[in-house]
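Here is a short briefing to read with the sequence and the 3D view side by side. Please have both open before you start.

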Amino acid sequence: MSVMTYREALNMALREEMQRDPRVFLIGEEIGVYDGAYKVTQGLLKEFGERRVVDTPICESGFTGLAVGAAMVGLRPVVEMMTFNFAILALDQIVNSAAKMYYMSGGQYNVPMVIRGPGGPAHQLAAQHSQSMEVYFYHVPGLKVVRPSTPPDAKGLLKSAIRDDNPVIFIEAETLYGIKGEVPDDPEFTIPLGKAEIRREGTDVTVFAYMGMLYRALEAAEELAKAGVSCEVVDPRTLRPMDIETMIGSVRKTHRAVVVEAGAGFAGMGSEIAAFVTENAFDDLDAPVERVTGANAPMPYAKNLEQAKTPSKEKIIAAIRRVCHA
Amino acid sequence: MTKMGEGQGTSSTGSAPPGQLSRQRLLHLYRVMATIRRFEEVACQLLVDGKIPATLHASIGQEAVAAGVCEALEPADLIVTNHRGHGHCIAKGVDLKAMMAELMGKASGTNRGRGGSMHIADPAQGILGANGIVGGGIPIAVGAAYACRARESGQIVVCFFGDGAANEGGCHEAMNLASLWELPILFVCENNQYAEMTPQRVHTRVKDLSVRAGAYDMPGASVDGNDVVAVYAAVEAAVRRARAGGGPMLIECKTFRVRGHFEGDPQRYKTAEEVARWKEKDPLTLLKTSLTGPGGIPAGELEAIQQEIESAVREAVAFAEAAPLPSPDEVLTHVYAGA
């Protein structure tokens, strides 16, 4: 175990997988000479050379499509989106080609690639650079979608994503790159995709949250514990495939559920979790599932408007109190 | 061919002397082109008869491009094609039975009934797949070329696309990357005069799409896409260059889409004059005339080939009609690899 930042954990995962498998290469904007806009790829150009750490022109559709073709012909590309907002420029390649190639070809061509980079609400970066992007991807059959909330998860899940034979959308967060945690040094340490993690055990209510919202939910749980409300906080980690067993298992224990998500609520992750909890555990529920989501507006620029748009600890606490009648 | 990029306009190779290809190879090209023609004529009729669903994008009239390009490739070379790709796949060696079965949505189809006409894929023949999104295959082809170079496989990639796709942003991005990294790829722009229902003069300012190669500092050439020997000659030189590490090239093959954008398209946008003009230049008729001309082969020899093609296509239809439908229980099969 070493204590390191989320950023360093990602860097370690990339380095280890590149050492392990010569088919793995990195491609994206400013990832080589500049060491990455957020320094996730620091030092890798020097270690692996320009054929495996490929700086591109600004052309998300072009280099994402290139990665699809390279994956079909035996390489394992890891694409960096400087921020995931720019992945929308590559959406056709991701949705129409990467996700569907295996199915459309009748199982003849699979596309083992990772598309990674930061996404989610950041600090006063406004509407185009501060948004939760996972919703654009987890709807699409053929894609896997990962949102790692901690440094060990960042390492273990990225390594699994690179070893996966399918296209994996791996969305990090600008706001988490600097957080520290204990990360296993073992190069064979991986965390399987599709496994949720119970971050805090409790008995009265299950709170589902990931990324920045996970930390806010944990703060809410801590505060409510003082008031005698016991919250179980569950981090899905992988949004597709989702670990329904762990997530439903928790609800069967607590009989109540609250979903917290940073993005706009309409047709969001909260809608999906609320639906499958209702479908799978209706008889176990003592209250309707509550959603605490970002406001249904683009992200505003002004600090106070940004706060109004984003789920606060107070809103999370209020929702938990409602379902617990506490 | 002239190197583009110095602003001297595009070159035209015109007709190469037929002596460049042996009679045997010319007969092979005739067989490929006539097979494409017959396969698509029959498929279009099967669509009318309700045996093939939805629609088809026929390449009738463009057979010389598919045949001439693939004649210059090795079996291990790769192609990426588009929604109008039956001809490219036939020229690259796809099994007619499996492709016809795919058109009918059968389990024995090339794509096990998951893809259909717009997505034919066949790794054994180096067919990376047709892409139904106009221009969608161009970056993918560049990626395939990146992988070929990385793996030092010696393969080259041909990317077929149309004059419509040439105006997609992804085409520009992909050509820039291919040229920047000198990848072993050949861009074949099949200019059939129409982007969907819109003629070239309405959608593109430049007359020769090959001039765009200059913007990427790669060579470009425009050739008569209805002259299979001219197509072959241009592509053969470009393939040799790419295989030797010389980087990409753009070859525009000027041809004509005889059918509509899709089967069922009333084609009111075409004039009788242009249809008649291009009919004079029908690629199969041109090749037939050259083969059976003075000192050539007896017409009966081509007739025999035609009969063989007729049987092969009939066999493909019989196979496809008899093939089973995919099992509805397998609707989730092939969504995820390794699942």
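Helices (H or I, at least four residues) and strands (E, at least two) are DSSP runs, numbered from the N terminus. This is a predicted model: local features need pLDDT of at least 70, side-chain atom pairs count only at pLDDT 80 or more, and totals for chains, interfaces and linings use all residues. Residues are numbered from 1 along each chain as its sequence is written, chains are lettered from A and ligands numbered from 1 in the order in which they are written, and side-chain values use heavy atoms, with hydrogens and water left out.

**The sheet of chain A**

- Chain A holds an open sheet of 7 strands with mixed pairing, in the order β3-β2-β4-β5-β7-β6-β12; two strands pair if DSSP finds at least two bridges between them.
- β3 (53-55) and β12 (238-240) of chain A are at the edges and have a single partner strand each, so one side of each is left without a neighbour in the sheet.
- On average, neighbouring strands of this sheet are turned by 20° against each other, direction ignored.
- Strands β2 (residues 24-28) and β4 (residues 76-80) of chain A run parallel and are joined by 5 bridges.
- Within β4(A), A:Pro77 is the residue that A:Phe25 stands opposite.

**Helices across the sheet**

- Axes are lines fitted to C-alpha atoms, for helices over the stretch in contact (heavy atoms within 4.5 Å), and angles run from 0 to 180 degrees between N-to-C directions.
- Helix α1 (residues 6-20) of chain A lies across β2, β3, β4, β5 (114-118) and β7 (168-172) of chain A, at about 130° to β2(A).
- Helix α3 (residues 60-72) of chain A lies across β2, β4 and β5 of chain A and runs at about 165° to β4(A).

**Cavities**

- A cavity is a set of points, on a 1 Å grid over the protein atoms alone, where a 1.4 Å probe fits but cannot get out; lining residues have an atom within 4 Å of a point.
- Residues lining the largest cavity include A:Met101, A:Met104, B:Leu128 and B:Ile140.
- β2(B) gives the most to this lining, with 4 residues.

**B:Thr204**

- B:Thr204 lies in the loop between α7 (200-203) and β7 (220-224) of chain B.
- Leaving out residues up to four places away in sequence, B:Thr204 touches B:Asn167, B:Leu209 and B:Arg212.

How values were computed:
1 Å grid on protein atoms, 1.4 Å probe; cavity = no way out; pocket = protein on both sides within 12 Å on 5 of 7 lines; lining within 4 Å.
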